[in-house]
Amino acid sequence: MDTDVVAGGHREADVVVVGAGLAGLMAARVVAAAGLKPVVLEARDRVGGRTVNEHIGGTVVVEMGGQYVAHRDTRLRALLAELGIDTFPVYDRGAHLLELERGVRSYRGKLPRVRPLTLLDLGRARWRIDRSAKQVPTTAPWQAPRAREWDNTSFGSWMDANVRTREGRSLLHAAFTTIWADDPHGVNLLGALSRVHEAGGFENLTGTRGGVLQDRVVGGATRVAEAMAAELDVVCGCPVDAIVDHGSSVEVEAGSTRVTARRAIVAVPPVLARRIRFEPGLADVGRKALDCLAPGSVIKVAVAYERPFWRDRGLSGRALTIDGPVTTTFDNSPPDGGPGVLIGFVPGPRARELAKRPAAERRDAVLATFTRLFGPEAARPERYLEKDWTGDPWSRGCYYGLPAPGAVTELFPTFGEPTGSIHWAGTETTFRSLGGMNGAVASGERAGGEVLAALSVDVELVGAL
């Protein structure tokens with residue numbers, strides 16, 4: 001892998017890929033497997049995009065970005081098998097914690113210990129969400145019978161109309177904000193229902209066995225990107241400024257570096273793609289699609305301890321709190337259980353507010369939440385790490401771009417289709433595993449296949465969508 005920018009250099013390739021996240025690297029891998037020459041340009045000084053490992057001692061890493069392998073992530077699991085990378089189950093044994101106005105309590109199983117009316121309220125809301133989600137085709141949500149109505153409704157508005165108890169609204173608000181990294185009133189209902197259907201039900205969005213949070217990658221999720229990049233020509237530290245489509249070729253300008261290729265694949269978040277100068281300019285529908293996918297906001301924290309002391313008390317490490325600033329925690333320890341690591345998520349408006357405070361205050365606020373939940377031992381970590389994805393210049397938010405009102409039915413039926421000699425990849429370009437690593441991998445495979453078809457390369461793509 002080439003990680004040095006050639007100042008003033010000119011490269012030639014069959015395909016130039018913009019972005020060395022999972023989508024871009026997968027697209028380049030497909031192209032390379034067919035015997036063509038791809039070059040991947042990456043703005044960061046590393047590969048992996050919205051996945052990133054941080055070392056906390058020796059070979060032990062914690063993931064500060066995307067990390068979970070869902071039960072239904074067929075394409076990601078196939079790629080892991082091809083690369084010889086193993087997974088291990090997320091630790092979820094023991095009692096979970098729930099913090100409401102009446103303090104912290106523990107519970108086992110899938111349902112928290114709340115007032116009977118709250119439990120009934122939440123159960124009814126979840127049933128209605130799942131019933132509506134089943135009407136939304138996961139690969140084409142705009143074909144749902146009530147697509148236009150739901151596309152112009154926020155999940156928050158739906159929640160206001162369907163969740164009656166204050167406690168129920170508080171719990172669902174905290175859970176939903178964590179899942180989507182934005183206030184429910186800023187989340188497109190149709191897009192949310194599509195994701196619920198893809199996950200197999202609302203419960204699976206936060207579920208381990210059989211759910212979205214089932215497994216983790218041994219050695220951290222960034223290993224996947226690093227393994228693919230090792231087989232490719234990747235130039236890091238090379239943000240793209242412009243893409244010029246000449247018809248028979250494309251020219252990509254990245255500072256003093258220039259790449260000429262037959263085709264280009266753009267595989268960066270929409271919020272970054274809209275900053276690239278395209279010549280000729282994108283059609284209105286394409287430009288609007290990029291503009292309507294603002295990412296959510298999240299600060300992810302990882303706190304390391306000598307051992308996972310919560311396990312000694314019969315706790316899973318999983319908690320939900322309405323007080324914050326952290327809303328949710330999980331056990332993120334290595335497979336052998338040492339050191340003990342808890343991760344937490346500060347999502348949506350809470351993330352934007354916390355980011356304004358000095359680093360020491362942020363740390364104190366986070367550890368205060370952990371201490372309320374897990375006791376005084378949580379106040380004395382060996383390591384504390386945080387990642388503000390909204391402040392990352394090459395992501396500008398996480399977990400992914402959220403469709404604005406009306407965008408799914410008006411703009412997304414053609415979003416992701418090639419624009420001249422330019423192709424599109426990224427987890428936002430597919431509603432299959434939208435927002436996850438599986439969606440990124442699937443989109444890269446699709447974009448790579450489109451390029452091969454456009455260049456009339458005769459190759460059979462294993463597992464092509």
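Q: In which loop does Ala-181 lie?
A: Ala-181 is in the loop between α6 (166-180) and α7. The model is predicted, and that holds for each feature discussed here.

Q: How should I read the phi angle of Ala-181, and is the residue buried or exposed?
A: Phi of Ala-181 is positive, about 60°, although the residue is not a glycine. Buried means under 20% relative accessible area. Ala-181 has 0%, so it is buried.

Q: Which value does phi take in Arg-396, and where does this residue lie?
A: Arg-396, also not a glycine, has a positive phi near 60°. Its place is the loop between β22 and β23. With a relative accessibility of 37%, Arg-396 counts as partly exposed.

Q: What does omega say about the bond between Cys-398 and Tyr-399?
A: Omega tells how the peptide bond is set. Between Cys-398 and Tyr-399 omega is about 10°, and the bond is cis. Tyr-399 sits in the loop between β22 (383-388) and β23 (401-403). The bond from Gly-338 to Pro-339 is cis as well, with omega near -5°. Pro-339 belongs to the loop between β20 (328-331) and β21 (340-347).

Q: How do I read a nonpolar core, and which residues touch the most other members of the largest one?
A: In soluble globular proteins, nonpolar side chains tend to be buried together. The largest nonpolar core here has 92 residues, and Leu-41, Trp-180 and Ile-243 touch the most other members. Leaving out residues up to four places away in sequence, Leu-41 touches, among others, Val-16, Val-18, Val-235, Cys-238, Val-252 and Val-259. Another core, of 39 residues, lies apart from it and includes Met-26, Ala-27, Ala-225 and Met-228.

Q: What surrounds Thr-208, and is this residue buried or exposed?
A: A polar residue is read through its accessibility and its partners. Thr-208 is in the loop between α7 (189-199) and β10 (215-217). Its relative accessibility is 13%, so Thr-208 counts as buried. Its side chain makes a polar contact of 2.8 Å with the side chain of Asp-92. Beyond four places in sequence, Thr-208 is in contact with Val-90, Asp-92, Leu-213, Gln-214 and Arg-318.

Q: Where is Lys-37, and which residues is it in contact with?
A: Lys-37 is in the loop between α1 (22-33) and β3 (38-41). It is partly exposed, at 45% relative accessible area. Neighbours within four places aside, Lys-37 contacts Glu-12, Ala-13, Asp-14 and Val-15. A polar atom of the Lys-37 side chain lies 3.1 Å from the backbone oxygen of Glu-12. Lys-37 and Arg-263 are 226 residues apart along the chain, and their C-alpha atoms are separated by 11 Å.

Q: How many cavities of 30 Å³ or more are there, and what lines the largest cavity?
A: A cavity is read by its volume and its lining. The structure holds 4 cavities of 30 Å³ or more, and the largest cavity has about 60 Å³ of space. Its lining includes Val-266, Pro-269, Phe-415, Trp-424 and Glu-428. By class, 8 lining residues are nonpolar, 2 polar and 1 charged.

Q: Which residues are closest to the centre of the second largest pocket?
A: The second largest pocket has about 300 Å³ of space. Of its 17 lining residues, Thr-139, Phe-415, Thr-429, Thr-430 and Arg-446 are the closest to its centre. The lining has 7 nonpolar, 5 polar and 5 charged residues.

Key
Residues numbered from 1 in each chain as written. Predicted model: local features only at pLDDT ≥ 70, side-chain atom pairs only at ≥ 80, totals over all residues. Heavy atoms only, no water. Helix = DSSP H or I, 4+ residues; strand = E, 2+ residues; numbered from the N terminus. Buried < 20%, exposed > 50% of the residue type's maximum accessible area, 1.4 Å probe, protein only. Contact = heavy atoms within 4.5 Å. Polar contact = N/O pair within 3.5 Å; in protein donor to acceptor, adjacent residues only side chain to side chain. Core = buried A, V, L, I, M, F, W, Y, C linked by side-chain atoms within 4.5 Å. 1 Å grid on protein atoms, 1.4 Å probe; cavity = no way out; pocket = protein on both sides within 12 Å on 5 of 7 lines; lining within 4 Å. Points joined across faces, edges and corners; volume = space filled by probe spheres on them. Nonpolar A, V, L, I, M, F, W, Y, C, P; charged D, E, K, R; others polar.
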